[in-house]
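Hi there,

Here is the structure I promised to pass on to you. Have a look at it first, and then read on for what turned up in it.

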Amino acid sequence: MKRIFLISIFLFILCQNIFCQRQITMKSNFLIPYDFILIDSQDVRKDFNFYNSLFVKDGIFSKPIEIAYIGWHKPITANSAAGICYNTEYGNIIVLLKSNNQYWDEATYRRVLVHEMIHAYQNQVLNDPSLAHNDNFKRISKMINLKYHYNIQNN
């Protein structure tokens, strides 16, 4: 019985490595489940590239940020945040979380995307891996809010 159990675990791990994307180990030792990362969203990446260029051109960002993945996923829990920025060994990952019954207008989408971009900038350019809503985050979000009226939340 124990042998069958061990063989089934081995086969499960083997299948996960063959058929699923590689599990990403977070620097905080948090693991993203195999089914969490979806296909990179080209529409969101296009918007990311637009805002990234805009913020560099206007001096908000000192240099463009790069991300390993950007896309959508269904919320993990009912109280999940609208977006998450992860700092991984492969680079920053931005995930926008929207359930099927949520309505996001353009302003909400932009606000969440830019909010997560600020976290990526904190980590990548400012060497602030905490990704917290600290003084760095508040300073950048305030500049964006004053210049573009995006109403980026500081919490």
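Which strands does helix H3 lie across? Helix H3, residues 106-124, lies across S1, S2 and S3, and runs at about 160° to S3. Please keep in mind that this is a predicted model.

Those strands make up an open sheet with the order S1-S3-S2 and mixed pairing. S1 (67-73) and S2 (83-88) stand at the edges with a single partner strand each, so one side of each has no neighbour in the sheet. On average, neighbouring strands are turned by 15° against each other, direction ignored. Between S2 and S3 (residues 91-97), the pairing is antiparallel and covers six bridges. You can find Gly 83 opposite Leu 96 in S3. Helix H2 also packs on the sheet, where it touches S1 and S3, and its direction makes about 125° with that of S1.

Now for the aromatic rings: the whole structure holds nine aromatic pairs. One of them is Tyr 51 with Phe 55, a stacked pair with 6.1 Å centre to centre and 25° between the planes. Both residues sit in helix H2 (residues 42-57), and because they are four residues apart, about one helical turn separates them. Tyr 51 is buried at a relative accessible area of 9%, and Phe 55 is buried at 0%.

Tyr 148 and Tyr 150 are stacked too, with ring centres 5.2 Å apart and planes at 25°. Tyr 148 is buried at 16%, and Tyr 150 is buried at 10%.

Enjoy exploring!

Conventions:
Residues are numbered from 1 along each chain as its sequence is written. This is a predicted model: local features need pLDDT of at least 70, side-chain atom pairs count only at pLDDT 80 or more; totals for chains, interfaces and linings use all residues. Side-chain values use heavy atoms; hydrogens and water are left out. Rings of Phe, Tyr and Trp (its six-membered ring) pair if their centres lie within 6.5 Å; planes under 30 degrees apart count as stacked, over 60 as edge-to-face and the rest as tilted. Helices (H or I, at least four residues) and strands (E, at least two) are DSSP runs, numbered from the N terminus. Buried means under 20% relative accessible area, exposed over 50%, partly exposed in between (1.4 Å probe, protein chains only). Two strands pair if DSSP finds at least two bridges between them. Axes are lines fitted to C-alpha atoms, for helices over the stretch in contact, and angles run from 0 to 180 degrees between N-to-C directions. Contact means heavy atoms within 4.5 Å.
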